[in-house]
Amino acid sequence: MFFKIGVSMAAAAVLISAPAFAQFPAGYPADYQKIVDAAKKEGKVVVYSTTDTKAAGPLIQGFEALYPGIKVEYNDMNSTELYNRYISEQAAGGTSGDVVWSSSMDTALKLATDYALEYASPELGQLPKWAVWKDKAYGTTYEPVVFIYNKRLIPQSEVPDSHAALAKLIASQPDKFKKKVTTYDIEKSGLGFMLSVQDFKADPNYFATLADIAKGGLAVQSSTGTMMERVSSGENLIGFNILGSYAEARAKTDPSLGISYPKDYTLVLSRVTFISQEAANSNAAKLWVNYVLSEQGQNILANKADIPSIRNDIEGKNDIDGMTQMLGKALKPIPVDESLLEYLEPAKRLEYIKQWRTAAAK
């Protein structure tokens with residue numbers, strides 16, 4: 001009788017403890033439960049992000065289901081707004097985001113150099129080395145940068161498959177494309193500025209190429225959503241330096257939106273995240289960052305949010321391996337390192353914008 005009771009008590013203990021240990025993957029540090037317990041006492045994590053709330057929704061739901069009692073306060077902003085708000089709040093010494101998660105890789109790394117908590121995620125071994133900066137900032141996604149076009153108004157035979165082909169198409173038909181070509185306003189969008197600089201680094205003839213692309217005049221915007229909407233409606237015909245993740249998600253339900261992956265080179269963006277040194281909810285912030293980087297979180301990003309994974313072990317083809325099979329050597333990942341900071345120096349930034357405006361006739 002005693003033996004049976006003992007077994008039942010042991011089984012009950014296993015059942016009670018199982019959910020707690022199921023909250024994080026095998027191989028995590030033995031004392032990780034302490035972080036989980038402390039995070040539950042904090043009760044929330046405040047995330048400042050450029051990722052659309054709709055796209056991040058499945059990730060937020062998954063996190064809150066895994067860690068009941070920890071709410072995600074998600075603040076969706078454009079990259080320039082996020083940077084300015086975070087800087088202002090840090091200077092004022094008030095409350096701010098516990099976690100920053102930004103597609104503007106350069107401004108995110110700039111913030112990380114001054115404000116990031118050093119924290120070696122248990123997921124480090126699953127990430128490419130170029131996606132990790134000093135155990136402080138992490139690349140979280142693997143997103144090709146693409147062209148989009150209106151499938152009703154651009155014949156398939158004219159769809160460009162390289163930056164040179166895009167320039168040639170527009171320069172050869174300036175009247176057709178007059179004010180019909182869209183891209184980021186690099187003065188209002190931190191992401192747009194960063195992508196333009198990366199184009200400049202990848203293409204020695206960048207400004208000449210840009211001048212041809214701008215032959216009919218550019219319609220610049222500060223958000224991907226606006227550019228996709230205008231191309232889909234026909235207000236614009238074609239767009240470049242568009243986040244492929246958002247374009248692919250929209251194209252699933254929008255028969256007017258076409259996507260072209262440039263074969264000369266395809267920039268690959270990785271949204272950068274870090275934990276603030278002054279995070280009010282630092283334990284919950286660690287749980288969030290680890291969840292975003294984990295196989296579970298990355299599966300959600302890749303297969304529910306249509307944002308390609310930084311890992312190569314997720315279900316389906318929406319990860320590094322899948323993108324490599326599709327685009328091969330054309331892929332040009334933007335590394336999470338100090339090279340991102342070069343053109344943020346004020347004088348150099350202003351000079352670059354002047355060159356861009358001249359080429360783009362702005």
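**Close-up views of a predicted model**

**View 1. Strand β9 and its partners.** In this predicted model, V146 has I242 of β9 as its bridge partner. The pairing of β6 with β9 is antiparallel and comprises four bridges. On β9 there is also a parallel pairing with strand β7 (residues 181-184), made through two bridges; here V181 is placed opposite I238 of β9. How many of the six residues of strand β9 (residues 238-243) are buried? Six of the six are, so the strand is largely enclosed by the rest of the structure.

**View 2. Strand β10 alongside β6.** Strand β10 (residues 257-260) directs L257 and I259 one way and G258 and S260 the other way, and all of these residues are buried. Four bridges hold β10 and β6 in an antiparallel pairing. Within β10, I259 is the bridge partner of I148.

**View 3. Strand β11 between β6 and β13.** Strand β11 (residues 266-269) is covered on both faces. T266 and V268 lie on one side, L267 and L269 lie on the other, and all are buried. Which strands pair with β11, and in what sense? Strand β6 (residues 143-150) pairs with β11 in the antiparallel sense, over two bridges, and P144 faces V268 of β11. Strand β13 (residues 331-333) pairs with β11 in the parallel sense, over three bridges, and L331 of β13 is the residue opposite T266.

**View 4. The open sheet of six strands.** The order of the strands in this open sheet is β2-β1-β3-β12-β5-β4, and the pairing is mixed. At the edges stand β2 and β4; each has a single partner strand, so one side of each is left without a neighbour in the sheet. Strand β3 (residues 99-102) and strand β12 (residues 272-275) run antiparallel and are joined by four bridges.

View 5. Is Y74 buried or exposed? With a relative accessible area of 15%, Y74 is buried, because the limit for a buried residue is under 20%. Apart from neighbours within four places in sequence, the contacts of Y74 are V47, S49, T51, D52, T53, A56, I60 and W101. K348 is 274 residues from Y74 along the chain, and the C-alpha atoms of the two are 33 Å apart.

**View 6. S121 in its loop.** The loop between α5 (105-115) and β4 (132-133) contains S121. The relative accessible area of S121 is 4%, and the residue is buried. When residues up to four places away in sequence are not counted, S121 touches Y138, N290 and L293.

**View 7. N290 in helix α11.** N290 is part of helix α11 (residues 282-293). Its relative accessibility is 1%, and N290 therefore counts as buried. Which residues does N290 touch, if those up to four places away in sequence are not counted? They are Y28, Y32, Y119, S121, P122 and E123. Although N290 and P122 are 168 residues apart along the chain, their C-alpha atoms are separated by 7.1 Å.

**View 8. The whole chain, for orientation.** The chain comprises 14 helices and 13 strands. Its radius of gyration, 23 Å, is close to the 21 Å that the globule rule gives for 362 residues, so the chain is as compact as a globular protein of that length. Along the principal axes, the C-alpha atoms fill a box of roughly 90 × 45 × 30 Å. Of the 362 residues in the chain, 54% are buried. For contacts between residues at least 6 apart in sequence, 77% join residues at least 24 apart. The accessible surface of the chain is about 15,900 Å², and carbon and sulfur atoms account for 54% of that surface. The chain carries 38 positive and 41 negative charges, whose mean positions are 3 Å apart.

Notes. Residues are numbered from 1 along each chain as its sequence is written. This is a predicted model: local features need pLDDT of at least 70, side-chain atom pairs count only at pLDDT 80 or more; totals for chains, interfaces and linings use all residues. Side-chain values use heavy atoms; hydrogens and water are left out. The radius of gyration is taken over C-alpha atoms; the globule rule is 2.2 Å times the number of residues to the power 0.38. Buried means under 20% relative accessible area, exposed over 50%, partly exposed in between (1.4 Å probe, protein chains only). Contact means heavy atoms within 4.5 Å. Accessible areas come from the Shrake-Rupley method with a 1.4 Å probe; for residues, only the protein chains shown count as cover. Lys and Arg count as positive and Asp and Glu as negative; His and the chain ends are not counted. The place of a charge is taken as NZ of Lys, CZ of Arg, CG of Asp or CD of Glu. Two strands pair if DSSP finds at least two bridges between them.
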